[in-house]
Amino acid sequence: MHGLHLTADLHDCRCDARWLTDACALLAACEAQVRAAGLQPVARLAHGFPPTAEGPGGVTATVLLAESHLCLHTWPERRAVTLDVYVCNFGGDHTGKARALEAALVALFRPVRSVRQALQRGAVPPADPAPG
C-alpha cells in the first residue's frame, strides 16, 4: 500500500476551453498522457456537467490505473482544475511516472498559478529490533 499521492490545484488555466468542458476529449488526453508516462490504464470514466448561469459545465474524469488512479475535476467558469495522481509503489517505484504524468497534465492546462503537493502514503513502519 506504499505509494505517492500528487495533487495540483490549477488556477487561471490558459488552455483551449475544450480541455475544461469536453469530457470525451479530456478523457482521451488523460489516457494518452497516462500511456506516455509509462503507466497502465485499466478503465476510464468521464462525466460532463450541464451549463449553469455562471457558464459551461465542467468535467470529472478518472482513469483507473493498474498502479492506482488519475482523477481530474474542471471548473470552466473559473478556469480552474484539480487533479490527483496516486500510484502504489508496492511492486516497483512508479514515482517518476507519476511526476511525469502530473507535469504533462499541468502543461496541458497551462495555469497561471498552481499549488502542488506530494504525500507519501502507507509508509511501512520499521520493524521492531530483535529482543536481547
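**Sheet, helices and core of the predicted model**

The charged end of arginine 121 sits over the ring of tyrosine 86, 4.9 Å from the ring centre. A charge counts as over a ring if NZ of Lys or CZ of Arg is within 6 Å of the ring centre and within 35 degrees of the ring normal. Arginine 18 likewise lies over the face of tryptophan 19, at 4.0 Å from the ring centre. Aromatic pairs number zero; the rule requires centres of Phe, Tyr or Trp (six-membered) rings within 6.5 Å.

The model is predicted, with local features taken at pLDDT of at least 70 and side-chain atom pairs at 80 or more, while totals for chains, interfaces and linings use all residues. Residues are numbered from 1 along each chain as its sequence is written, and side-chain values use heavy atoms, without hydrogens or water.

Six strands form an open sheet in the order β2-β3-β4-β5-β1-β6, with antiparallel pairing. Strands (E, at least two residues) and helices (H or I, at least four) are DSSP runs, numbered from the N terminus. Pairing requires at least two DSSP bridges between two strands. The edge strands are β2 (41–48) and β6 (111–121). The twist averages 10° from one strand to the next.

Strands β2 and β3 are antiparallel over seven bridges. Here glycine 48 stands opposite valine 59 of β3. Eight bridges join β1 to β5, and histidine 5 has tyrosine 86 of β5 as its bridge partner. Eight bridges also join β4 to β5. Serine 68 is partnered by valine 87 in β5. The β4–β5 hairpin has four residues between its strands, and arginine 79 takes a positive phi near 55°.

α3 lies across β1, β4, β5 and β6, at about 10° to β1. α2 touches β2, β3 and β4, and its direction makes about 155° with that of β2. Axes are lines fitted to C-alpha atoms, for helices over the stretch in contact, and angles run from 0 to 180 degrees between N-to-C directions.

The largest nonpolar core holds 32 residues. Such a core joins buried Ala, Val, Leu, Ile, Met, Phe, Trp, Tyr and Cys residues through side-chain atoms within 4.5 Å; buried means under 20% relative accessible area (1.4 Å probe, protein chains only). Leu10, Leu70, Leu72, Leu83, Leu101 and Phe109 touch the most other members. α2 gives the largest share, seven residues. Beyond four places in sequence, leucine 70 is in contact (heavy atoms within 4.5 Å) with residues including Cys30, Val34, Leu101 and Leu105.

Note on methods. Phe/Tyr/Trp six-rings, centres within 6.5 Å; stacked < 30°, edge-to-face > 60°. Buried < 20%, exposed > 50% of the residue type's maximum accessible area, 1.4 Å probe, protein only.
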